[in-house]
Amino acid sequence: MKSDQNSEREGRSSESRDSLKSLNEEIRSCTRCHLADDRTKAVPGEGPGRADILLVGEAPGRDEDLAGRPFVGRAGSILDRCLNDAGIDRSEVFIANVVKCRPPGNRRPKKDEVEACRPYLKSQIELIQPKVVCLMGNAATKAILDVEGVTSLRGQVFKDLFLVTFHPAAVLRNGNLKEDLVSDLLAAREKAEGSRALHQK
Ligand code: SF4
């Protein structure tokens, strides 16, 4: 019975991987908003086809734009350290952003850009089926929940899925926030493990 469940899960995971691959190709050639004009590479996101934890940041920065991969710059190093401290392996989580192309000068994405790109994040959530989505920072929180104020909202879970926390770039600016980010990631891990145990019963 367990092996039937495992092969079913593996089958679903491979379907999701294929669909994510098509979605990534669509994102890489997308011209739905003006951010396509200045990008070097779009950054769809990366991680397993099925991941229990989905991390969502604001937008790619300069290093990410050059590499076509999320969180590879200084904020990425901080994120890696925080994941490590929370006992999470980066290869097991899916990492994405609200907008997939770098806003010039790393400015905050505009409302119309977020609107244009939102369907991609929605599709990623549907395909990946995470147990918890960490909204890192105000831009991700506003885009998904339409609320702002990450300092007061952090650590809270909305709709039994979305956990609000700080963006790693905020930790770069203020090292005192690292403890909070690690504690939120730990809460995300515990929530994901709890949901997984429940589904396996
Ligand atoms: S930011 Fe999103 S909507 Fe705009 S061009 Fe890039 S992928 Fe397309």
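Predicted model: local features only at pLDDT ≥ 70, side-chain atom pairs only at ≥ 80, totals over all residues.
1. Gln129 sits in the loop between α5 and β3; helices here are DSSP runs of H or I with at least four residues, strands are runs of E with at least two, and both are numbered from the N terminus. Its phi is near 50°, a positive value in a residue other than glycine. Most residues other than glycine have a negative phi. Gln129 counts as partly exposed because it has 14 C-beta neighbours inside 10 Å. The scale calls a residue buried if 20 or more other C-beta atoms lie within 10 Å of its own, exposed if 12 or fewer, and partly exposed in between, with C-beta atoms placed from the backbone.

2. Residues are numbered from 1 along each chain as its sequence is written.

3. Asp146 is not a glycine and has a positive phi of about 60°. Asp146 belongs to the loop between α6 and α7 (150-153). With 7 C-beta neighbours inside 10 Å, Asp146 counts as exposed.

4. On the overall fold, the chain contains nine helices and five strands, and their pattern along the sequence is α-α-β-α-α-β-α-β-α-α-β-β-α-α. The C-alpha trace spans about 55 × 40 × 30 Å along its principal axes.

5. Of the 201 residues, 43% count as buried. Among contacts in the chain with a separation of 6 or more, 73% come from residues 24 or more positions apart. Contact here requires C-beta atoms, placed from the backbone, to lie within 7 Å.

6. The five strands form an open sheet with mixed pairing, in the order β2-β1-β3-β5-β4. The edge strands, β2 (94-97) and β4 (157-158), each pair on one side only. Two strands pair if DSSP finds at least two bridges between them.

7. Within the sheet, β1 runs parallel to β3 (residues 132-136) and is joined to it by four bridges; Ile53 stands opposite Val132 in β3. Four bridges also join β3 to β5, and these strands run parallel. Leu135 has Val164 in β5 as its bridge partner.

8. The pairing of β4 with β5 is antiparallel, over two bridges, and Phe158 stands opposite Phe162 in β5. Three residues lie between the strands of this hairpin, in which Lys159 takes a positive phi near 55°. From β5, Phe162 and Val164 point one way and Leu163 and Thr165 the other way, and all are buried.

9. Helix α6 (residues 138-145) lies across β1, β3, β4 and β5 (162-165), and runs at about 125° to β3. Axes are lines fitted to C-alpha atoms, for helices over the stretch in contact, and angles run from 0 to 180 degrees between N-to-C directions.

10. Which residues are closest to the ligand? They are Cys30, Cys33, Ala36, Cys101 and Cys117, out of 14 residues that surround the ligand; a residue is near a molecule if its C-beta atom, placed from the backbone, lies within 6 Å of it. α2 and α5 (111-128) each supply at least two residues of this shell, and the largest share, three residues, comes from α5. By class, the shell has 10 nonpolar, one polar and three charged residues. Nonpolar covers Ala, Val, Leu, Ile, Met, Phe, Trp, Tyr, Cys and Pro, charged covers Asp, Glu, Lys and Arg, and the others, Gly among them, count as polar.

11. Pro103 lies in the loop between β2 and α5. Pro103 is buried, with 20 other C-beta atoms within 10 Å. Leaving aside neighbours within four places in sequence, Pro103 is in contact with Leu35, Ala59, Arg108 and Pro109.

12. Thr40 is in the loop between α2 (35-38) and β1 (53-57). Thr40 counts as partly exposed, with 14 C-beta neighbours inside 10 Å. The C-alpha atoms of Thr40 and Arg102 are 8.4 Å apart in space, with the two residues 62 apart in sequence.

Notes:
Contact = placed C-beta atoms within 7 Å.
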